[in-house]
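Biologist: I have a model open on my screen and would like to learn how to read its features. Could you take me through a few of them?

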Amino acid sequence: MSRSQLVAEHLPLLRRYARALTGNQASGDAYVGAMLEALLQDPALLDEAHGPRAGLFRLFTQIWNSVSLNDDIDADADVATMPSERRLSNITPLPRQAFLLLSLEGFSEEEVAFVLGIDVAETRQLADTAGREMAAEIATDVLIIEDETFIAMDLESLVKNLGHNVIGVARTHSDAVALAKNRKPGLILADIQLADGSSGLDAVNELLGIFEVPVVFITAYPERFLTGERPEPAFLISKPFQPAMVSAVASQALFFQRNSRNRAPRVA
């Protein structure tokens, strides 16, 4: 397999990880684009000691932690209009990176240590630190949009164990809109394709036209929504999912929402 094919194979999930760090598609893609440019200029930058995927994430991390790149992106008008990237280095510290690499991307501790350029003991310490930070997030009301009964039950149990309150489980577009209008959620977990042919994505877009709420999408086909050809979900989980993955991504979504509100300018 050629170098370009290897990169293309792992690029969608790297873009997902980049968006989980930044909180939106444009900023995440800007960092991935910078990584690809660096790789094109010097293919030797890709260290495949732990495989090509870990090597790409390692190179991305080096770009991500580059102060000069952060400055360049802040100066880029296309990206600087987004609400989060001026705070990137502050709101996504090393513990959060370790936690997401382990929980969202499924890397081993040894691979995470390689990606971050640290040892395994520090990787465990960082992940524990991030876990405590996320556990301290403010509890919220959660709407689950999922038509598969057992998956909905798993999500409901998981959400409650994280300290949140489930306001309801919607199995169709119309149910989701009705539930959300009756009691506005603080977080939405949504399947994209529902059994009755309706779309969780359409339901969420309708709700986002009424009020602002962080959303985590759950789908068995993430590659269909990671093409770069249209606006994509900022937070995306693949089926089948692990509880730690849902915890990590949901906490990250709430983290960005809370920081955005806390830092919003006050009107005199």
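Predicted model: local features only at pLDDT ≥ 70, side-chain atom pairs only at ≥ 80, totals over all residues.

Biologist: Which residue forms a salt bridge with Lys-239?

Modeller: First the general idea: side chains of opposite charge can pair when their charged atoms come close. A salt bridge here is a side-chain nitrogen of Lys or Arg within 4 Å of a carboxyl oxygen of Asp or Glu. The partner of Lys-239 is Asp-191, and their closest N and O atoms are 3.0 Å apart. Asp-191 sits in strand S3, and Lys-239 in the loop between strand S5 (236-238) and helix H13 (243-262), so this pair ties together parts that are 48 residues apart in sequence. Helices (H or I, at least four residues) and strands (E, at least two) are DSSP runs, numbered from the N terminus. Asp-191 counts as buried because its relative accessibility is 5%. Through shared partners, salt bridges join Glu-146, Glu-148, Asp-191 and Lys-239 into one network.

Biologist: How many salt bridges does the structure hold?

Modeller: There are 9. One of them pairs the side chains of Glu-105 and Arg-16, at 3.2 Å from N to O. Glu-105 is in the loop between helix H7 (94-103) and helix H8 (109-116), and Arg-16 is in helix H1 (residues 3-22), so the bridge ties together parts that are 89 residues apart in sequence. Both Glu-105 and Arg-16 are buried.

Biologist: Now to helix packing. At what angle do H11 and H12 pack?

Modeller: For such angles, axes are lines fitted to C-alpha atoms, for helices over the stretch in contact, and angles run from 0 to 180 degrees between N-to-C directions. Helix H11 (residues 173-182) and helix H12 (residues 200-208) pack at about 30 degrees, their axes 9 Å apart. Angles under 35 degrees count as roughly parallel, over 145 as roughly antiparallel, 65 to 115 as roughly perpendicular, and the rest as oblique. H11 and H12 are therefore roughly parallel to each other.

Biologist: Which residues of H11 and H12 meet?

Modeller: Contact means heavy atoms within 4.5 Å. On the H11 side are His-173, Ala-176, Val-177, Ala-180 and Lys-181, and on the H12 side Asp-202, Ala-203, Glu-206 and Leu-207. Behind such spacing is a simple rule: an α-helix has 3.6 residues a turn, so residues three or four places apart point the same way.

Biologist: How do H1 and H3 cross?

Modeller: The axes of H1 and helix H3 (residues 52-64) come within 10 Å and cross at roughly 40 degrees. That angle makes H1 oblique to H3. H1 brings residues including Leu-6, Val-7, Leu-13 and Tyr-17 to the contact, and H3 brings Phe-57, Phe-60 and Trp-64 among others.

Biologist: What about Gly-55: is this glycine buried or exposed?

Modeller: Gly-55, which lies in helix H3, is buried, with a relative accessible area of 1%. Leaving aside neighbours within four places in sequence, Gly-55 is in contact with Leu-46, Asp-47 and Phe-114. Phe-114 is itself among the buried residues of H8, together with Val-112, Ala-113, Val-115 and Leu-116. Just after H8, Gly-117 takes a positive phi of about 70 degrees.

Notes: Residues numbered from 1 in each chain as written. Heavy atoms only, no water. Buried < 20%, exposed > 50% of the residue type's maximum accessible area, 1.4 Å probe, protein only.
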